[in-house]
Amino acid sequence: MLVDSTGIKVEGEWHRRKHGASKRRVWRKIHIGIDEETLEIRAVEVTSGNAGDAPMLPELLKQIGLDRQIATVTADGAYDTRACHDAIADRGAAEIIPPRRNARPWKRDSAGARARNEILRASKHLGRALWRNWSGSHRRSRVETKMNCVKLLGQRLMSRDFDRQVAEVQIRAAVLNRFTALGIPLTVAMG
């Protein structure tokens, strides 16, 4: 048990894991999709803390209008699922998702399965490290950077109602998009 300078008990992360969280604490997850060119947030989804990342990708893609073309979708290995690959293929986008280490080719013949099997063949042929450099898998770090910006606006939500929490997250995304529109630094390599 931790006690701060005022003598009030403070629950630490270990205490919460060991004994459970207080009844009022509710964790929320924020899932975002950004435009790689402009670095603006294009899709936001808020879920409970126990929702997985991969099921949210089709929902994020639905938030981007069909009139907007998506060139590539870059994600980590957690998104190596049939639903994700099929949703990306339905939008006509190229996918850059590293296959899992124990990945096997999929037998089901769909556009998503064919694209995933091609990625699997390329990563086995080139090796995982070389495939990541060749495919541009490192670009997903831009989403991690944008998520850090979201956290800099505050890691707590003030609202208690779920719908208001969603609105609060969308407002934060709009604020970040406004900051991004004001200007982002350009890095140029000097001879």
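Mentor: A pocket is an open set of points on a 1 Å grid over the protein atoms alone where a 1.4 Å probe fits, with protein on both sides within 12 Å along at least five of seven lines, and its lining residues have an atom within 4 Å of a point. Volume is the space filled by probe spheres set on the points, which are joined across faces, edges and corners.

Trainee: Okay, and what sort of model is this?

Mentor: It is a predicted model, in which local features need pLDDT of at least 70 and side-chain atom pairs count only at pLDDT 80 or more, while totals for chains, interfaces and linings use all residues. Residues are numbered from 1 along each chain as its sequence is written, and side-chain values use heavy atoms, with hydrogens and water left out.

Trainee: What's the volume of the largest pocket?

Mentor: The largest pocket has a volume of about 2,000 Å³, and of the 50 residues that line it, Lys29, Ile30, His31, Ile32 and Met147 are the closest to its centre.

Trainee: Which element gives the most to that lining?

Mentor: That is β3, with seven residues, and at least two residues each come from β3, α2, β5 (72-74), α6 (141-152) and α7 (162-182). These labels follow DSSP runs numbered from the N terminus, helices being H or I of at least four residues and strands E of at least two.

Trainee: And the second largest pocket, what lines it?

Mentor: About 210 Å³ of space lies in the second largest pocket, and its lining consists of Leu39, Arg142, Thr145, Lys146, Cys149, Leu176, Phe179, Thr180, Ile184 and Pro185. Both α6 and α7 supply at least two of its lining residues, and α6 gives the most, with four residues.

Trainee: Is Leu39 buried, exposed or in between?

Mentor: Leu39 is partly exposed, with a relative accessible area of 22%, given that buried means under 20% and exposed over 50% (1.4 Å probe, protein chains only).

Trainee: New topic: which residues have the most contacts in the largest nonpolar core?

Mentor: They are Leu57, Leu61, Ile70, Val73, Tyr79 and Ile88, in a core of 15 residues. At least two of the core residues come from each of α2 (56-63) and α3 (82-90). Apart from that core lies another, of 11 residues, among them Ile32, Ile41, Val44 and Met147. Such a core is a set of buried Ala, Val, Leu, Ile, Met, Phe, Trp, Tyr and Cys residues joined through side-chain atoms within 4.5 Å.
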